Amino acid sequence: MRKKKLISYISEAVTIVLLLILGIVALIDGELFASSLSIIAGVTLLLIGLLTVIGAFISSAFVLGSGFKIITGIISSILGIYFLINPKLSLIIITLALGFILLMNGVLKFVRSFDLRGLKVKTWFVDTILGVVYIVIGVVLLFFSDGAIDLIRILIGIFLIIASILNLCEFISSIIRTSRDEKVINIIKKHVDDADHIDIDFTK
């Protein structure tokens with residue numbers, strides 16, 4: 001349980017740092033921003049592809065559908081190599097894919113924020129703001145990527161920095177909330193254990 005929580009915290013922290021770095025790079029250097037996205041996407045796809053293929057060969061005797069996994073891994077690896085070799089040509093694909101992913105995440109976060117509000121979580125509005133930010137970026141990337149490239153790049157940079165800050169606030173709030181819940185659970189367990197050890201004299 002603790003390992004899963006640690007992995008979750010690390011992944012969230014890495015996401016926050018990447019969003020912040022990409023936001024700053026987008027504001028400073030457009031070409032570097034474009035190539036950075038291509039490199040990140042290329043390396044990610046290549047690693048996912050290689051790990052998928054290796055995993056399929058290792059578990060081929062035990063898992064059905066290993067052939068499909070191998071094909072998926074090879075396609076992913078080829079796309080990763082293509083992104084690394086042709087950063088400018090792959091930018092269109094990355095832009096559309098990133099726009100779609102951000103749009104979907106934005107909708108999910110926006111809907112989730114009202115669930116959190118119903119549960120009376122104090123930071124529910126953070127998810128609302130994040131959802132709106134992601135939706136706006138997603139729409140911009142999907143429908144307005146051809147024109148006003150510099151303006152879009154600046155807006156994306158600002159949005160990414162804001163998103164990283166809001167994610168950081170949510171991350172800290174989540175840690176505090178989890179820590180508080182664990183303390184409450186430990187107190188309840190302690191009281192239950194103490195109650196189990198109470199001796200009651202029924203002879204009186």
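**A nonpolar patch, residue by residue**

Mentor: Ile 158 lies in helix 6 (helices are DSSP runs of H or I, at least four residues, numbered from the N terminus). This is a predicted model, where local features need pLDDT of at least 70, side-chain atom pairs count only at 80 or more, and totals for chains, interfaces and linings use all residues. Residues are numbered from 1 along each chain as its sequence is written, and side-chain values use heavy atoms, leaving out hydrogens and water.

Ile 158 counts as partly exposed because its relative accessibility is 39% (buried is under 20%, exposed over 50%, partly exposed in between, with a 1.4 Å probe and protein chains only). Together with Leu 20, Ile 24, Leu 27, Ile 28, Ile 154 and Ile 162, Ile 158 forms a nonpolar surface patch with about 560 Å² of accessible area. Patch members have over 30% relative accessible area and no salt bridge, and nonpolar side chains are joined within 5 Å (a salt bridge puts a Lys or Arg side-chain nitrogen within 4 Å of an Asp or Glu carboxyl oxygen).

Where does the patch sit? Helix 1 (2-28) and helix 6 (149-196) each supply at least two of its residues, and helix 1 gives the largest share, 4 residues.

Ser 76 counts as buried because its relative accessible area is 9%. Leaving aside residues up to four places away in sequence, Ser 76 touches Leu 45, Leu 46, Ile 48 and Gly 49 (contact means heavy atoms within 4.5 Å). A polar atom of the Ser 76 side chain lies 2.7 Å from the backbone oxygen of Leu 45.

Methods:
Patches are made of residues with over 30% relative accessible area and no salt bridge: like charges are joined within 9 Å, nonpolar side chains (Val, Leu, Ile, Met, Phe, Trp, Tyr) within 5 Å. Accessible areas come from the Shrake-Rupley method with a 1.4 Å probe; for residues, only the protein chains shown count as cover. A polar contact is a pair of N or O atoms within 3.5 Å; within protein, one must be able to donate a hydrogen and the other to accept it, and residues adjacent in sequence count only if both atoms are side-chain atoms.
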